[in-house]
Amino acid sequence: MNILLMMLHAVRPSRTVDMPAVAKPFWIRKGYDALTFFGTIITHSAQEAEAFDKRFDSLKNHEMIHLYQARATHDSWVCFYLYYGWYWLQATLCSRTENAGYRLNPFELEAYRHMDELDYLDGLDETTEWRRYARMPLREREKISKF
């Protein structure tokens, strides 16, 4: 029920300036630090959630890049997740790379490439680099995947 409420109460990505962080440890697989879910950053613990709300670092920037990508997918979280799922499925079925659905996902490629550039989103309404990655064959994405 909580998931449904988060989805129903989510505002359009273009109306979101900053995403709040909440602790939901059962939602995150081992090895991941955070995830964006309908305009909310999900973390493992309350301390991590509080840290997200207090400072802007590379991990917060990574999650904020996903917000700007959602703006580029018809300003819709649903469209963003449909695209994300499509790219995840495509990479999972067609690549032997470990965790290919995540590692070769165009959205993740852009977010990881620019997460340390804390000014990357300055002056942008949306991001579009992920589209270039989406047009690349999976073999090319495998070559540039560095995480």
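Predicted model: local features only at pLDDT ≥ 70, side-chain atom pairs only at ≥ 80, totals over all residues.

Colleague: In which element is the place of Trp-88?
Modeller: Helices are DSSP runs of H or I with at least four residues, strands are runs of E with at least two, and both are numbered from the N terminus. On that basis Trp-88 has its place in helix H4 (residues 77-94).

Colleague: Does Trp-88 count as buried, partly exposed or exposed?
Modeller: Buried means under 20% relative accessible area, exposed means over 50%, and partly exposed lies in between, with a 1.4 Å probe and protein chains only. Trp-88 has 39% relative accessibility, so this residue counts as partly exposed.

Colleague: Which residues does Trp-88 touch, not counting those up to four places away in sequence?
Modeller: A contact means heavy atoms within 4.5 Å. With residues up to four places away in sequence left out, Trp-88 touches Gly-101, Tyr-102 and Asn-105.

Colleague: How far apart in space are Trp-88 and Ala-46, C-alpha to C-alpha?
Modeller: In sequence, Trp-88 and Ala-46 are 42 residues apart. In space, their C-alpha to C-alpha distance is 29 Å.

Colleague: In what order do the elements of the protein run from the N terminus on?
Modeller: The protein has 8 helices and 3 strands. From the N terminus on, the order is α-β-β-β-α-α-α-α-α-α-α.

Colleague: What radius of gyration does the protein have?
Modeller: The radius is taken over C-alpha atoms, and the globule rule is 2.2 Å times the number of residues to the power 0.38. The C-alpha trace spans about 40 × 35 × 30 Å along its principal axes. For 147 residues the rule gives a value near 15 Å for a compact globule, which agrees with the protein's own 15 Å.

Colleague: What share of the contacts with a separation of 6 or more comes from residues 24 or more positions apart?
Modeller: As for burial, 44% of the 147 residues count as buried. Among contacts with a separation of 6 or more, residues 24 or more positions apart account for 56%.

Colleague: Is Leu-104 buried or exposed?
Modeller: Leu-104 has its place in the loop between helix H5 (100-103) and H6. Its contacts, not counting residues up to four places away in sequence, include Ala-91, Leu-109, Leu-138 and Glu-142. Leu-104 and Ala-91 are 13 residues apart in sequence and 6.4 Å apart in space, C-alpha to C-alpha. Because its relative accessibility is 0%, Leu-104 counts as buried.

Colleague: Is Gln-69 buried or exposed?
Modeller: Gln-69 has its place in helix H3 (residues 58-72). Not counting residues up to four places away in sequence, it touches Phe-80, Phe-107, Glu-110, Ala-111, Thr-127 and Trp-130. At 0% relative accessibility, Gln-69 counts as buried.

Colleague: How many salt bridges does the count come to?
Modeller: A salt bridge is a side-chain nitrogen of Lys or Arg within 4 Å of a carboxyl oxygen of Asp or Glu. One of them joins Asp-57 and Arg-55 at 3.2 Å, N to O. By this rule the count is 7.

Colleague: Which residues are linked with Arg-113 in a network of salt bridges?
Modeller: Arg-113 forms a salt bridge with Glu-129, with the closest N and O atoms 3.1 Å apart. That pair links distant parts of the chain, with Arg-113 in helix H6 (residues 106-114) and Glu-129 in helix H7 (residues 129-135), 16 residues apart. Arg-113 counts as partly exposed at 49% relative accessibility, whereas Glu-129 counts as buried at 15%. The residues linked with Arg-113 in the network are Glu-129 and Arg-132.

Colleague: In which helix do Glu-142 and Arg-139 both lie?
Modeller: Their side chains meet in a salt bridge of 3.8 Å, N to O. Glu-142 counts as partly exposed at 25% relative accessibility, and Arg-139 counts as exposed at 64%. The two residues are 3 apart, about one turn of the helix, and both lie in helix H8 (residues 138-144).

How values were computed
Residues numbered from 1 in each chain as written. Heavy atoms only, no water.
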